[in-house]
Amino acid sequence: TLPSLLLLPPSLLILSSSPQSRRASLKPHSGHRTASPPSSHPPTAAAMKPSSPTPAVGTALHLVKTPNFVKFAAVALLSLSVALLFYHHPSFPSAAFSAFTFASNSSPTAVPANSTSIAANTTSIASNSSSPSSAIPKVKKLPPPPPSVAQRTGIVDENGAMTEDFDVGEFDPSLMEELRDLGGGAEETEKRNEPKIVKYDKFKPCDQSKIDYIPCLDSFERHCPDSTLDCIIPMPNGYQKSIPWPRSRDELWLHNVPDTRLVQDQGSQYSMSVKDDKISFQDGGSDQYLNLVSQMVPEIDFGHQTRITLDIGSGIGSFAASLFKYNVVTLSIGTKDVHKNQIQFALERGLPAMVAGFGARRLPYASQAFDLIRCSGSGIDWTVDNGVLLLEVNRLLRAGRYFVWGGPQVDSNHELSLEDQWKEMGDLAARICWQLVKKEGNVGIWRKPLNNSCYLGREIGAQPPLCSSSEDPDNVWYVNMTACITPLPKDGNGGNVSVWPARLHSPPDRLQSIKMDAMISRKELMKAESRYWNEIIGSYVRAFHWKEQNFRNVLDMRAGFGGYSTFLSLAICHIIEI
């Protein structure tokens, strides 16, 4: 067969297409002589004829009949049959394995003489096994059965979360009843099953004397009493919903402010007037005042270099209302004096304001918090008690920024007493290393130093002294003021901030010095908070209908890095942060 011939060595393949090629293959190689055996008989005529192919075929058959060839051919054919069987019947590896075992266990000495017929029969079996109509049946492979799921007990599901749908397992209710009876819990169970009626008493409104009540604040300082208020502060008689912003900046309802004596006493000073049931606010020269300050010191640069300002002693917020046009946020603080509720004017106008006693304790703001601090016409004596009030302003003012003082004391060309106050103020400012940048009319502007070089260069024993290194300038809650100069950080943190609006999203270097419960970068925390509120602020405003409610003043009681107020203030309102 053809496979048998393909297994022969090339030197034995002597079959060709013509008798001449066969004779050429049987011809001895040139250059060699073949010795014929001696014969006693002369050559016959038949022996003289050309050789026929019969001896060559006989030689091939003689080689095929050898035991080694038969074994080699059987193994080759069996391997081919197994490969074909695996190809057409992959589900029967056991049948192929048994056939391979039979072939390997057969002895080479048991091959019959008629090996040609055995090879032919083996080839026939291989061809039959490769045909689609094989005698071996094809069985479908069944999928494995699903694993058995054990019944879970307990209140935790497979994901480790608490679930209300759970199984407590098997238990005997009678045993539970006996256990409850032994513990004396039967009566408690009956009481527990009885319906309970809980009554909640509503807070009653306070009397009218509490209309302008401010908790934890006496005339000058914060002081919380032992007893708390157990009634609701009533609204003033005739109170109406506040006028929406920006109209509220110029007018408010008269009855929304319970005490209007400030209008009667200082109406002309603050450019206020009463018309019908509203209080109107005129410009009163605020724009000219800001233009004067900008011309005196162009480096102030409202809206870029100057973004956060503090106005001391102006409860109605006129200075803050004018600075809103320059994209500057101003916090107005006022004391609780005979007019009681100065800041109520600012809050009704939609301006940020806060009642704060400015006498013995620090204001509740961190050091270097403001770009500009202004005080005008408040009557504060800055040089009293070794200048402790001006030193508190120095703590709050950012390095290299400005303090603006306005009043008749600055323009000292009229009264001798006012001239003495100006000299005392100038001497104190020079001793704390403030530089008088400009003085014009009744406005004087000083600049705080950028570093500690001036403080360290003073004479020994100079007053006021530098604060000790153990004193934390950012500790402000119920901390008394001290008559000492707060030194600046050596690395310049606090004064090196970006201009607005770049500083809105640029974490300052000062974050690294703030004490907080964080192990990772504070700058990354600030950026993450900004990204969070930037993504959800639109949905937040829509969900709570902020624009329909016309909210203007909002108190954020967990400010963090200020991400909430940053994006909400850009949207609709102003935020006072805690």
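1. Valine 384 lies in helix α14, which covers residues 384-396. Glutamate 424 stands 40 residues from valine 384 along the chain, and the C-alpha atoms of the two are separated by 10.0 Å. These values, like those in the points below, come from a predicted model.

2. For the overall content, the protein has 19 helices and 14 strands. Of its 578 residues, 33% count as buried. Among contacts between residues at least 6 apart in sequence, 62% join residues at least 24 apart. The accessible surface comes to about 37,000 Å², and carbon and sulfur atoms account for 57% of that area.

3. Rolling a probe the size of a water molecule over the atoms shows where empty space is left. The count comes to one cavity of 30 Å³ or more, and the largest cavity holds about 60 Å³ of space. Its lining includes Arg362, Val388, Leu391, Glu392 and Arg395. Also in the lining are Cys467, Glu471, Met481, Thr482, Cys484 and Thr486. By class, five of the lining residues are nonpolar, two are polar and four are charged. Helix α14, the helix of valine 384, spans residues 384-396, and Val388, Leu391, Glu392 and Arg395 from the cavity lining fall within that range.

4. On aromatic contacts, a pair of rings is described by the distance of the centres and the angle of the planes. The structure holds 18 aromatic pairs. One of them joins tryptophan 477 and tyrosine 478, with 5.4 Å from centre to centre and 80 degrees between the planes. The pair is edge-to-face because its angle is over 60 degrees. The two partners fall into separate accessibility classes: tryptophan 477 is exposed at 55%, whereas tyrosine 478 is partly exposed at 38%.

5. A cluster of rings is also present. Ring pairs link Tyr532, Trp533, Tyr540, Phe544, Trp546, Phe551 and Tyr564. Helix α17 runs over residues 522-543, a range that takes in Tyr532, Trp533 and Tyr540 of this cluster.

6. Most residues other than glycine have a negative phi, and most peptide bonds are trans. Where do the cis bonds lie in the chain? The bond from tryptophan 245 to proline 246 is cis, with omega near 10 degrees, and proline 246 is found in the loop between β2 (231-232) and β3 (251-253). The bond from tryptophan 500 to proline 501 is likewise cis, again with omega near 10 degrees. Proline 501 sits in the loop between α16 (453-456) and α17 (522-543).

7. Two residues other than glycine have a positive phi: glutamine 368, near 55 degrees, and cysteine 433, near 70 degrees. Are these residues buried or exposed? Glutamine 368, in the loop between β8 (353-355) and β9 (370-376), has a relative accessible area of 4% and is therefore buried, the limit being under 20%. Cysteine 433, in the loop between α15 (416-431) and β11 (435-440), is also buried, with a relative accessible area of 9%.

Technical notes:
Residues numbered from 1 in each chain as written. Predicted model: local features only at pLDDT ≥ 70, side-chain atom pairs only at ≥ 80, totals over all residues. Heavy atoms only, no water. Helix = DSSP H or I, 4+ residues; strand = E, 2+ residues; numbered from the N terminus. Buried < 20%, exposed > 50% of the residue type's maximum accessible area, 1.4 Å probe, protein only. Contact = heavy atoms within 4.5 Å. Areas by Shrake-Rupley, 256 points an atom, 1.4 Å probe, with all protein chains shown as cover. 1 Å grid on protein atoms, 1.4 Å probe; cavity = no way out; pocket = protein on both sides within 12 Å on 5 of 7 lines; lining within 4 Å. Points joined across faces, edges and corners; volume = space filled by probe spheres on them. Nonpolar A, V, L, I, M, F, W, Y, C, P; charged D, E, K, R; others polar. Phe/Tyr/Trp six-rings, centres within 6.5 Å; stacked < 30°, edge-to-face > 60°.
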